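Have the model open as you read.

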Amino acid sequence: SRVVAVTRAGIDKVRDSGRDRAPFLLRVRDRDGGERSVLARAVIDASGTVGRPNPIGSGGIPAIGERDSWDRIHYGVPDVLNRDRWRYAGKRVLVIGSGDSAFNALLHLITLKEEEPATEIIWAVRKPVDQISFGGGENDALPERGALGMRVQAIVESGQVMLVPGFRMTRIETSVAGVLASSDEDTLPPVDEVIAVTGYRPDLEMLREVRLSLDSAIESPADLAPLIDPNLHSCGTVRPHGAAELAHPEEDFYIAGMKSYGRAPTFLMLTGYEQVRSIVAAIDGDWDAARDVQLVLPETGVCSTGNQGLVLSVPGNGPARESTGGGCCGSS
């Protein structure tokens, strides 16, 4: 079952009269396609963002031809070694993205390449080479993430992956030769499959009848936006926040978890747990507990505004340069 719409029972978004007394009405669609209504006193939307991947085109819109090439593009990390193996074994594969999801996709493809040597991997990122971050390595406050970055750095430096930095996709098309991805300046070699790990954005369609206060750029709750703006913050520099910052004009309605961060790719699950604790306290009327938000986040590696990233040395890209810590925990 999934929620497809949220409103106030019998009251649309425009109407004021009786709004504060009406329960929420959630329209739920069951697996068999049937629909039903559920009434609720309060609503916490923690539906996440993975159902709404970012397009691979630069500028936040689909590349020309992206929609027509949907059958050759997988958004998110595919099951390369099992269910989706047939799509990638012995093929030339293009991975687009520079976050942890891209790292996982690359490592799975490398494992596949060891078993199927004909497999070729191209990795295209929008960042120039001196801004590609592999995390904090052994000093990363999240050890598994640090190890993940170190492994990807090693395979790139070994030449097992063709790295294409500074690539901003504008067009993708399928030809006899394969799938061709182009920027304004260059066209990559034809590939058989594309893995797009370029992050996600919130799906707000089901909330059209709810009164929201969202930041115009980040699409997070307006009061939260200055605390998580990825132009200023990484996941380790976000200040503790809870129900007060997550509230909307619609009383007793909250967006929590990854969806609360809108387009910011800096969310950590620990943040979401504390968000929900605070929200539940607020719904229960305990605002002292709701405001007592206690959150300690890692501040090293990619979750730092300092230049603590790993050093990248890629054949053909000149001398090694230090990567900045500007990236963070999600896909960018």
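This is a predicted model: local features need pLDDT of at least 70, side-chain atom pairs count only at pLDDT 80 or more; totals for chains, interfaces and linings use all residues.

Is D288 buried or exposed? Its relative accessible area is 64%, and since exposed means over 50%, D288 counts as exposed.

Now let's turn to the aromatic rings. A pair of aromatic rings is described by the distance of the centres and the angle of the planes. With ring centres required to lie within 6.5 Å, the model has three aromatic pairs. One of them joins F103 and W123: the ring centres are 6.2 Å apart and the planes meet at 80°. Because an angle over 60 degrees counts as edge-to-face, this pair is edge-to-face.

Where do these two residues sit in the fold? F103 is part of helix 2 (residues 100-115), while W123 is part of strand 7 (residues 120-124), so their pairing ties together parts that are 20 residues apart in sequence. F103 has a relative accessibility of 3% and is therefore buried. W123 is buried too, with a relative accessible area of 0%.

Y261 and F267 make up another edge-to-face aromatic pair, with 5.2 Å from centre to centre and 80° between the planes. For Y261 the relative accessible area is 0%, so this residue is buried. F267 has a value of 15%, and because buried means under 20%, F267 is buried as well.

Key: Residues are numbered from 1 along each chain as its sequence is written. Side-chain values use heavy atoms; hydrogens and water are left out. Buried means under 20% relative accessible area, exposed over 50%, partly exposed in between (1.4 Å probe, protein chains only). Rings of Phe, Tyr and Trp (its six-membered ring) pair if their centres lie within 6.5 Å; planes under 30 degrees apart count as stacked, over 60 as edge-to-face and the rest as tilted. Helices (H or I, at least four residues) and strands (E, at least two) are DSSP runs, numbered from the N terminus.
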